[in-house]
Amino acid sequence: MFNPESMQKKSRTPEEIRKNSERANADFGETSEGDGTKEKDSVFPTAFMTARCFAEQTQIPNAKELYKIFLEKSGLEKEINALGDIRTPHFMELRYLMTEKILRSSLENGEISQVIELASGFTPHSINMLATEQEIETYIENDFAVNLKMKQLAVNDFISGIPVVFIPGNIVDSATWSKFEGQLEGKPVGIFCEGLMMYLSREAQIKLLKNVKELLAKYGGYFMHEDILKYHPELKENPRFNRITSQIKKVSGTGALDESFSQDDIKRFYEEQGFIVDRIDEKAELSIDTYPEDVRGDAVELLNAGFKMWKLSLPKEK
Ligand SMILES: C[S@@+](CC[C@H](N)C(=O)[O-])C[C@H]1O[C@@H](n2cnc3c(N)ncnc32)[C@H](O)[C@@H]1O
């Protein structure tokens with residue numbers, strides 16, 4: 001059983017650190033061939049922005065410590081800072097807090113006992129959830145190998161022996177999902193992603209949902225993601241929300257952000273894919289005091305914008 005005591009940061013011997021590097025290299029391969037660099041698209045650096053934002057502008061536990069190790073290991077500080085100032089902490093922190101709130105409640109009431117974090121980037125979810133939720137039997141993190149390798153090195157450096165399974169791979173490919181299954185027990189799973197759905201075309205979403213459906217049909221549980229701006233056409237002309245979209249567009253360089261769907265369209269789309277759709281209000285206590293002063297008002301506006309988490313599950317068999 002996982003012991004929260006081991007979450008304490010402790011100094012590690014060079015031998016332990018070497019073992020962790022070997023493990024990450026063995027899992028992902030050391031050369032650029034086969035490390036996912038080829039399959040990555042321009043969305044992958046967007047994960048750096050969230051990590052920097054959490055470390056510099058929020059009170060999210062362990063974000064600063066993890067980010068520091070990540071910078072030391074990757075040597076990417078200059079490149080990350082060159083992505084520009086972060087003007088959207090409210091946007092990233094709200095989804096982070098809401099996801100944990102829902103996962104924690106469903107772990108505690110027995111709805112799920114396993115977790116899959118898709119496209120996990122550099123979030124400290126696994127560390128923070130495993131520290132406090134004894135109910136978690138399996139925690140899987142996934143991203144393109146190029147990001148996940150750095151994440152695994154940083155997480156292992158922060159806490160030795162954390163029981164997270166790191167599975168690299170494209171989430172639209174069924175091969176990635178077969179690897180998830182290889183790690184799961186026959187119990188319900190909470191699958192989630194943050195900061196991903198807005199970058200996926202409709203075609204990619206359909207492929208992702210097909211994989212989700214097959215997994216939920218075997219294990220039970222749900223798939224969840226945060227509400228996103230392209231599902232709120234009524235906010236398109238609002239300059240503050242526009243600023244969020246143009247900042248993430250600049251870093252990701254993807255056109256999928258320009259699409260626009262009404263909430264009814266999306267609900268219908270998810271139902272057509274075979275899901276029961278639940279909505280949960282996005283309300284959380286943000287660390288507004290540590291945000292840059294001129295964006296604090298944006299946080300209040302986001303909390304009043306009517307965002308609701310999307311939680312999808314399969315109909316119960318009769
Ligand atoms: C905006 S970041 C979000 C990262 C993290 N969830 C967060 O909230 O900070 C988007 C992430 O999705 C990953 N990603 C994008 N498309 C993916 C795909 N098809 N399969 C796996 N990961 C993907 C990127 O590599 C990147 O880490």
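Reply: The questions below take the terms one at a time.

This is a predicted model, in which local features need pLDDT of at least 70 and side-chain atom pairs count only at pLDDT 80 or more, while totals for chains, interfaces and linings use all residues. Residues are numbered from 1 along each chain as its sequence is written.

Me: Why is asparagine 242 called partly exposed?

Reply: A residue is buried if 20 or more other C-beta atoms, placed from the backbone, lie within 10 Å of its own, exposed if 12 or fewer, and partly exposed in between. Asparagine 242 has 13 other C-beta atoms within 10 Å, and is therefore partly exposed. Its place is in helix H10 (residues 239–252); helices (H or I, at least four residues) and strands (E, at least two) are DSSP runs, numbered from the N terminus.

Me: Is asparagine 62 buried, exposed or partly exposed?

Reply: Asparagine 62 has 19 C-beta neighbours inside 10 Å, and therefore counts as partly exposed. It lies in the loop between H2 and H3, and has a positive phi of about 65 degrees although it is not a glycine.

Me: What makes helix H6 largely enclosed?

Reply: Six of the eight residues of helix H6 (residues 125–132) are buried, so the rest of the structure largely encloses this helix. The buried residues are His125, Ser126, Ile127, Met129, Leu130 and Ala131. Their cover includes helix H3 (63–74), helix H5 (89–108) and strand E1 (114–118).

Me: How do you know that E4 and E5 pair?

Reply: Two strands pair if DSSP finds at least two bridges between them. Five bridges join strand E4 (residues 189–193) to strand E5 (residues 221–225), and the two run parallel. Within this pair, glycine 190 stands opposite tyrosine 222 in E5. E5 also pairs with E7, in the antiparallel sense, over three bridges, and methionine 224 stands opposite lysine 311 in E7. Six bridges join E6 to E7, which run antiparallel.

Me: Why are E3 and E6 said to stand at the edges?

Reply: Seven strands form an open sheet of mixed pairing, in the order E3-E2-E1-E4-E5-E7-E6. Strand E3 (164–166) and strand E6 (276–281) each have a single partner strand, so one side of each is left without a neighbour in the sheet.

Me: Which residues does leucine 118 contact, leaving aside its neighbours within four places in sequence?

Reply: Contact requires C-beta atoms, placed from the backbone, within 7 Å. With those neighbours left aside, leucine 118 is in contact with Asn142, Ile171, Ile191, Phe192, Cys193 and Leu196.

Me: Which residues come nearest to the ligand?

Reply: A residue is near a molecule or strand if its C-beta atom, placed from the backbone, lies within 6 Å of it. Of the 19 residues around the ligand, Ala47, Thr50, Ala119, Gly121 and Gly195 come nearest. Helix H2 (residues 46–57) gives the most to this shell, with three residues.

Notes
Two residues are in contact if their C-beta atoms, placed from the backbone, lie within 7 Å.
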